[in-house]
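My entries follow in the order in which I checked things.

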Amino acid sequence: MCVFSDSKIMANVTNLENYVSKVCVIKTCPCEWTLFSGKCYYFSNENRDWKKAREFCQSQDSDLAVINSDEELELFKGQSSVDHLVGMSDLETEGVWKWLDGSLVDQRMWNPGEPNNQGKEDCGEMSNGKLNDIPCNLKQRWICEKTL
């Protein structure tokens, strides 16, 4: 018959816990965030301008959403029927629309006739499942994106 002391059992349990914490790190999205393709998305329920929305996202260890694929575009389209600010602008160079990651905005993602720069529209939104340029001081909902 084999007898283990309490200290030996506790040492084994501690070693096992340390091992599991190193190899089994489970990453999940915060509450109220949506998991999709290895990223977490937050769809706000309040309105802020583009700068304040971005500041909120950054305070949550994220940034305004960058749309890199048709699948992401479909996700956003299916999540809400209201317009949301996203992470694109031409603030750096007028007429050159870039995502916050520095990539150029794909022309086929725009609503027909956009961007049209009516009234100094330098920030971007998702509207009717496509992209639209808007004034940066327009207050509306927004989407944050966080990589796990």
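Accessible areas here come from the Shrake-Rupley method with a 1.4 Å probe, and for residues only the protein chains shown count as cover. With that in mind, I noted that the protein chain exposes about 9,100 Å², and that carbon and sulfur atoms supply 51% of this area.

I reminded myself that this is a predicted model, in which local features need pLDDT of at least 70 and side-chain atom pairs count only at pLDDT 80 or more, while totals for chains, interfaces and linings use all residues. Residues are numbered from 1 along each chain as its sequence is written, and side-chain values use heavy atoms, with hydrogens and water left out.

Next I looked for disulfides (pairs of cysteine sulfur atoms within 2.5 Å), and I counted three.

I found C29 joined to C40, with the sulfur atoms 2.1 Å apart; the torsion about their S-S bond is about -90°, so this disulfide is left-handed. Both C29 and C40 are buried, where buried means under 20% relative accessible area, exposed over 50%, and partly exposed in between (1.4 Å probe, protein chains only).

For C57 and C144 I noted a distance of 2.0 Å from S to S and a torsion of about -85°, so this link is left-handed. C57 has a relative accessible area of 0%, and C144 is also at 0%.

C123 and C136 form a disulfide at 2.0 Å, and with 90° about the S-S bond their link is right-handed. C123 is buried at 0%, whereas C136 is partly exposed at 22%.

Lastly I checked C31, which is exposed at 73%.
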